[in-house]
Structures are given as C-alpha cells and as structure tokens.
Amino acid sequence: IEPSAVVGHSQGEVAAAYVAGGLSLEDAALIICLRSRLVEKTRGAGHMMVTALSMTEAEAELARFEGAISIAASNGPATTILSGDAKAIETLAAELEKKNVFVRVLKVGYASHSRQMDPLKEELLKGLSIVSPKTPGKRFASTAIPSAKDTPTLDARYWWQNLRNPVRF
C-alpha cells in the first residue's frame, strides 16, 4: 500500500511524518523516546478523559476551570478529549455524568496537550534540536497546526506544538 497522504493523531503524527518521508527513522525514534521519557515526569498530576461533547460544548464547560483543563483533542463532531489537573478532571467527569453525558477518564496518568506539559518545553526543544526534517514526498496533514496549508517544518518547535496544542483530528 502506497498512501498519497498521511495523518497521525498526537504521538502517531511522528509515524505519519516518517511514512511521508519527512523524518528519518532515527529522528522519529528520537522524538518518540524523548517525548515518552519527558511526559513521565508529569505522571500522577493529571488525567485525560473522553467526552461525548462537541468542541464548542467542551469549551463552555471548561470556562469555569480557569485553565486547569484544556481541550486535548477534537476527534469528531461529538467526541472531545479533555486534559488537565487530576482533581479538576474528576470534578468535571462527575458533573457531566450527572447530566447524562458520556465520559471516560483515560488511564494514562498524565495530561498531554495541557499546561502540564509546559515545564517540559525547553528540555524537549533542546533534545530535539538535532532533528533534521526533510521535505516529505507525500502529503502530510498536520493536526497540531490545522491551519497549515503546506506541510509545516517538522523540527523541534513543531514537535513541541504537537505535544502541547490540541489535536484537531
């Protein structure tokens, strides 16, 4: 199978970039390993949860949490992943369940795509400064920078945005 375009979800975007020809196997492995090692530093402080909310509905629910919860991913018209401080996620999960909104707290132990990743920024950027992205031979659709009309430069800054920004799948 030879794809004409590729897209990935969160960390899966690294594999998509490799398949598209935008990263060497060594650079893709470095990104995955460093990102995985760094997020472990935040383990236990946050949660992620799936909700049966649209992105607009989720944004309305999050307003009162003052940044403690972020939209981690928009996976469809009525599927939004939320990420943030453990207690805030637990509180919102209980409130949404009382409203008969489907929620499932994910057992990941950290809160990707939220402010809990901010302390990892400099170490991630430094560690990925040796990545040598290439121009992909196949179309690469970014979910970290969804407004990008062309393939973004898949450098350290891009992979930081991939970890910190919402996934707009």
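Thr-51 stands opposite Val-103 in strand 5, and this pair belongs to the four bridges that join strand 2 (residues 46-51) to strand 5, the two running antiparallel. Strands here are DSSP runs of E with at least two residues, helices are runs of H or I with at least four, and both are numbered from the N terminus; two strands pair if DSSP finds at least two bridges between them. The model is a predicted one, in which local features need pLDDT of at least 70 and side-chain atom pairs count only at pLDDT 80 or more, while totals for chains, interfaces and linings use all residues. Residues are numbered from 1 along each chain as its sequence is written, and side-chain values use heavy atoms, with hydrogens and water left out.

Gly-76 has Thr-79 of strand 4 as its bridge partner. Strand 3 is also joined to strand 7 (residues 167-168) by two bridges, but here the strands run parallel, and Ala-73 stands opposite Val-167. Six of the eight residues of strand 3 are buried, which means that they have under 20% relative accessible area, judged with a 1.4 Å probe on protein chains only.

A pocket is found on a 1 Å grid over the protein atoms alone, as an open set of points where a 1.4 Å probe fits, with protein on both sides within 12 Å along at least five of seven lines, and lining residues have an atom within 4 Å of a point. The lining has 16 residues, and Ser-10, Arg-35, Met-48, Ser-112 and His-113 lie nearest the centre of the pocket. Besides strand 3 (69-76), helix 2 (25-39) gives two or more residues to this lining.

Definitions and conventions
Buried < 20%, exposed > 50% of the residue type's maximum accessible area, 1.4 Å probe, protein only.
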